Amino acid sequence: LENQINLLNKYSIIDKECSMHIHLGGYPISEKAIMSAYLMAINLEHEIGTLFPRYIFETHNYKAKGKDYCKQLYGASNINDIYKILSAGYYKTFGGDFTLNHPSDSGDQQKWNIEYRYYWFNLINMMFKNHGKTIEFRIHTPTHNADKIYAWLLITSAILKYAEENIPEVLERDKAYDLSYIIKKSEYPLELQTILLEYINWRESFCKEMDRVGDYAGISEIINDSQEFGLLKYLKSL
């Protein structure tokens with residue numbers, strides 16, 4: 001991954017039209033597990049939103065195509081609601097089949113036609129298709145910074161791991177979560193937890209400063225993408 005990042009940094013540029021999307025696979029393909037992941041995302045959505053520029057959920061404000069690519073999640077209380085919403089109402093209830101192609105992309109070759117993939121937490125690949133079963137996190141701002149990429153990989157992995165291992169608790173919906181709790185409950189070494197929590201705090205403070213100066217699209221972070229948080233150095237030391 002470090003080599004890939006170095007090549008991207010050498011041969012590509014990033015601007016406000018870009019973003020970093022992460023697909024995580026290996027998550028259980030079951031109704032309860034997916035519902036647990038969705039509820040965790042709903043629970044954490046506000047806090048995660050504070051880690052990115054003000055317009056992150058409303059990218060039409062600065063993207064050239066005037067489109068929202070990273071919308072906030074929809075209201076859903078059960079798997080049927082999620083399936084109905086994601087299928088744009090084509091399927092009224094979930095029939096227990098996670099392998100059907102999406103009705104807006106019956107040939108599985110035109111994913112851009114699926115309007116309901118444009119949420120920061122994207123479940124289209126999990127709920128449809130018979131391959132590439134991933135959960136996609138679309139919210140991170142564009143970056144060539146290895147520390148930021150590794151940090152977000154570890155944070156999103158911790159969220160899904162907690163959702164997977166605590167399904168009954170999450171489905172009860174009577175507990176509020178925050179990223180600090182999720183990181184501290186992970187199996188990451190204490191030093192790694194500390195680095196991730198410091199990164200989360202830095203993102204929140206940096207975004208508050210961008211908001212203060214009216215940088216609602218996060219241009220200043222794209223221009224200055226070289227901050228180091230010691231994460232890559234720590235991982236190399238293991």
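Residues are numbered from 1 along each chain as its sequence is written, and side-chain values use heavy atoms, with hydrogens and water left out. Because the model is predicted, local features need pLDDT of at least 70 and side-chain atom pairs count only at pLDDT 80 or more, while totals for chains, interfaces and linings use all residues.

Let us begin with helix H1, which covers residues 2-11; helices here are DSSP runs of H or I with at least four residues, strands are E runs of at least two, and both are numbered from the N terminus. Leu8 sits in H1. Its relative accessibility is 47%, so Leu8 counts as partly exposed, the class between buried (under 20% relative accessible area) and exposed (over 50%), with a 1.4 Å probe and protein chains only. Leu8 and His144 lie 136 residues apart in sequence, yet their C-alpha atoms are 7.1 Å apart in space.

Now turn to strand S3, residues 134-140, where seven of the seven residues are buried. Two strands count as paired if DSSP finds at least two bridges between them. S3 pairs with strand S1 (residues 20-25) in the antiparallel sense over five bridges. Along this pairing, Leu24 has Ile135 of S3 as its bridge partner, and His23 stands opposite Glu136.
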